[in-house]
Amino acid sequence: MTAPTSRTRAQESKRLHVVMRDGSLLEGLIHIAEDMSLVNFLGSRKGGWMNMVDAHRPKLHETPGHLIVQTDLVVIVSAPDGNVSAVSQTGAGQGEREVEMHLIGGKRIRGVMFMAPMQRMSDYLHQCGKFAGITRAVLLPEHHELGDIAVNTSAIATVHEAKSEQ
């Protein structure tokens, strides 16, 4: 009799920037499957808890350590090295829709969501679960480029389809 083979996926360390509801910024490493998106990773945390190693709050000049973060209190997550996609490849295969969202606290983000051409945004956001992926995200009005991000859907106050800027 042979031992069962496990189907564990290779894990990689990836650096994340995490903006919390109180406005604080966390930076640290997570261990994530090589082909997993930010949205899937964040949505799959047991009890909503995410482990970060070599983590710190840049403005406080802390020594990097191990932090356990409650994802319910996260607003935005990005991978500053550009090595983690916000949405899975299957999500990216859908139609693109440029959107502008207003977050609680007054921040505005413009970017692209991947959804079916006639799909209602409310249905899309409902099916996303806790986090929605936004690509080519820009913080407004500063036009600060954020890249691919995951946004906590409970932090979105309003969202609307944006008119393309030509």
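**Close-up views of selected residues and the fold**

**View A. The place of R21 is in the loop between β1 and β2 (25-33).** Strands here are DSSP runs of E with at least two residues, helices are DSSP runs of H or I with at least four residues, and each kind is numbered from the N terminus. The model is a predicted one, in which local features require a pLDDT of at least 70 and side-chain atom pairs are counted only at pLDDT 80 or more, although totals for chains, interfaces and linings take in all residues. Residues are numbered from 1 along each chain as its sequence is written, and side-chain values rest on heavy atoms, with hydrogens and water left out. With a relative accessible area of 33%, R21 is partly exposed (buried means under 20%, exposed over 50% and partly exposed in between, with a 1.4 Å probe and protein chains only). Once its neighbours within four places in sequence are set aside, R21 is in contact (heavy atoms within 4.5 Å) with D72, L73, V75, I104, N152, S154 and A155. The C-alpha atoms of R21 and V74 are separated by 5.9 Å, although these residues are 53 residues apart along the chain.

**View B. N152 is found in strand β9, and R21 is among the residues in contact with N152.** At 4% relative accessibility, N152 counts as buried. When its neighbours within four places in sequence are left aside, the contacts of N152 include D72, V74 and V75, and they also include T71, K130 and F131.

**View C. T71 is found in the loop between β4 (65-70) and β5.** The relative accessibility of T71 is 0%, and T71 therefore counts as buried. Apart from its neighbours within four places in sequence, T71 is in contact with L42, R45, G48, M50, K130, F131 and N152.

**View D. The charged end of R45 sits over the ring of F41.** The charged end of R45 is 4.0 Å from the centre of that ring (a charge sits over a ring if NZ of Lys or CZ of Arg is within 6 Å of the ring centre and within 35 degrees of the ring normal).

**View E. S88 lies in the loop between β5 and α2 (89-92).** With 23% relative accessibility, S88 counts as partly exposed. The C-alpha atoms of S88 and S37 are separated by 5.2 Å, while along the chain these residues are 51 residues apart. Beyond its neighbours within four places in sequence, S88 is in contact with S37 and N40.

**View F. A cis peptide bond joins L140 and P141.** Its omega is about 5 degrees, and P141 lies in the loop between β8 (131-140) and β9. H143 is found in the loop between β8 and β9 as well, and H143 has a positive phi of about 60 degrees although it is not a glycine. H143 counts as partly exposed, at 48% relative accessibility. Within strand β8 is R136, whose phi is near 50 degrees, a positive value in a residue other than glycine. The relative accessible area of R136 is 49%, which makes R136 partly exposed. Most residues other than glycine have a negative phi, and most peptide bonds are trans.

**View G. The whole chain has three helices and ten strands.** Read from the N terminus on, the elements run β-β-α-β-β-β-α-β-β-α-β-β-β. The chain has 166 residues, of which 40% count as buried. Among contacts in the chain between residues at least 6 apart in sequence, 54% join residues at least 24 apart.
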